[in-house]
Amino acid sequence: MWPAEARRNAHMDTTAIASRTIAIHLVEMTLLDEHRYSPTLGYLHAALAAAPDVAGRVDVHKHVARATAAGEAALLEAVVPDDPDELFVVAFTVYFWNRPQTMAAAARIKAARPNAVIVVGGNDVTNQQAAVFAEAPAVDVLVHGEGELRFVQLCRNLVQGRDPIEGVSGVSAVCDGAVVTTPDAERITDLETIPSPLLEPVYDDADLAGTRMIIYETNRGCPYSCAFCFWGGATNTKVRQFSLERVAAE
């Protein structure tokens with residue numbers, strides 16, 4: 001599997017990787033000006049912070065990057081480490097409006113640092129593993145559907161020196177030239193188990209005050225099955241609600 005190969009290329013053994021703090025870069029490419037808040041990145045950051053065995057081993061950075069050539073260049077400068085052997089993670093949330101720019105940025109990061117672990121997820125790439133890996137060979141892991149808990153598992157594997165998809169449901173990766181997809185993950189039935197990106201201290205006041213919009217969820221799922229919808233396979237599913245107390249607090 002590719003992570004072991006990356007370790008060999010970097011002349012690292014599992015023990016060395018397991019003793020280091022790993023940088024985790026969470027990225028959303030945006031078409032909007034004055035956009036500094038991403039609920040998706042906030043959910044991922046809050047979930048990592050709530051896992052004690054992972055939180056102390058990762059250094060999390062969130063980037064809401066402009067989907068332009070200048071924004072891509074700035075992102076590359078921000079995430080690529082000086083040490084060419086350093087293992088680091090760049091996780092993108094993908095929508096149909098930022099998919100081309102996301103894949104282009106992923107390719108540039110991978111070309112600059114082959115040790116980068118590129119993860120993508122989101123409603124425009126869920127259950128599209130064949131297309132994603134054909135379109136974007138720089139991608140290492142594709143997360144299907146709700147990503148908070150599975151991304152924590154993936155990062156836990158990395159900080160412990162294991163293959164990132166080991167024991168993780170609902171993800172795809174390329175192994176020996178073939179796409180491998182693990183068994184489907186169950187949807188999160190109790191949404192209260194997901195830490196809030198607004199109630200947990202993962203965004204500071206300046207980020208919230210300086211953004212164009214604040215998005216928060218009151219529920220997940222959709223009872224309909226519209227053919228045009230990209231909503232992560234959540235169509236024609238039972239709607240799950242966040243508590244009214246949480247919504248009011250956010």
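## Ground rules

The model is predicted, so local features need pLDDT of at least 70 and side-chain atom pairs count only at pLDDT 80 or more, while totals for chains, interfaces and linings use all residues. Numbering starts from 1 along each chain as its sequence is written, and side-chain values use heavy atoms, with hydrogens and water left out.

## The sheet

Let's start with the strands. Seven of them form an open sheet in the order β2-β1-β3-β4-β5-β6-β7, with mixed pairing. Strands (E, at least two residues) and helices (H or I, at least four) are DSSP runs numbered from the N terminus, and two strands pair if DSSP finds at least two bridges between them. The edges belong to β2 (58–66) and β7 (178–181); each has a single partner strand, so one side of each is left without a neighbour in the sheet. On average, neighbouring strands are turned by 20° against each other, direction ignored.

β1 (residues 22–30) runs parallel to β2, and the two pair over nine bridges. Within that pairing, isoleucine 24 sits opposite valine 60 in β2.

## Helix α6

Helix α6 (residues 99–112) packs on the sheet and touches β1, β3 (88–93) and β4 (116–121), where contact means heavy atoms within 4.5 Å. Its direction makes about 170° with that of β3; axes are lines fitted to C-alpha atoms, for helices over the stretch in contact, and angles run from 0 to 180 degrees between N-to-C directions. From first C-alpha to last, the 14 residues of α6 reach 20 Å, close to the expected 20 Å at 1.5 Å a residue (that is, 1.5 Å times one less than the number of residues).

Arg99, Thr102, Met103, Ala105, Ala106, Ile109 and Lys110 of α6 are buried, meaning under 20% relative accessible area, with exposed over 50% and partly exposed in between (1.4 Å probe, protein chains only). Down the axis of α6, the buried residues fall within an arc of 160°, so they line one face of the helix; the arc is that of directions from the helix axis to the C-beta atoms. Their cover includes β1, α5 (69–79), β3, β4 and α7 (129–135). Over on the other side of α6, Pro100 and Ala111 are exposed.

## Helix α8

Helix α8 (residues 148–159) lies across β1, β2, β3, β4 and β5 (141–143), at about 145° to β1. Nine of its twelve residues are buried, so α8 is largely enclosed by the rest of the structure. Among the buried ones are Phe151, Leu154, Cys155 and Leu158. After α8 comes glycine 161, with a positive phi near 80°.
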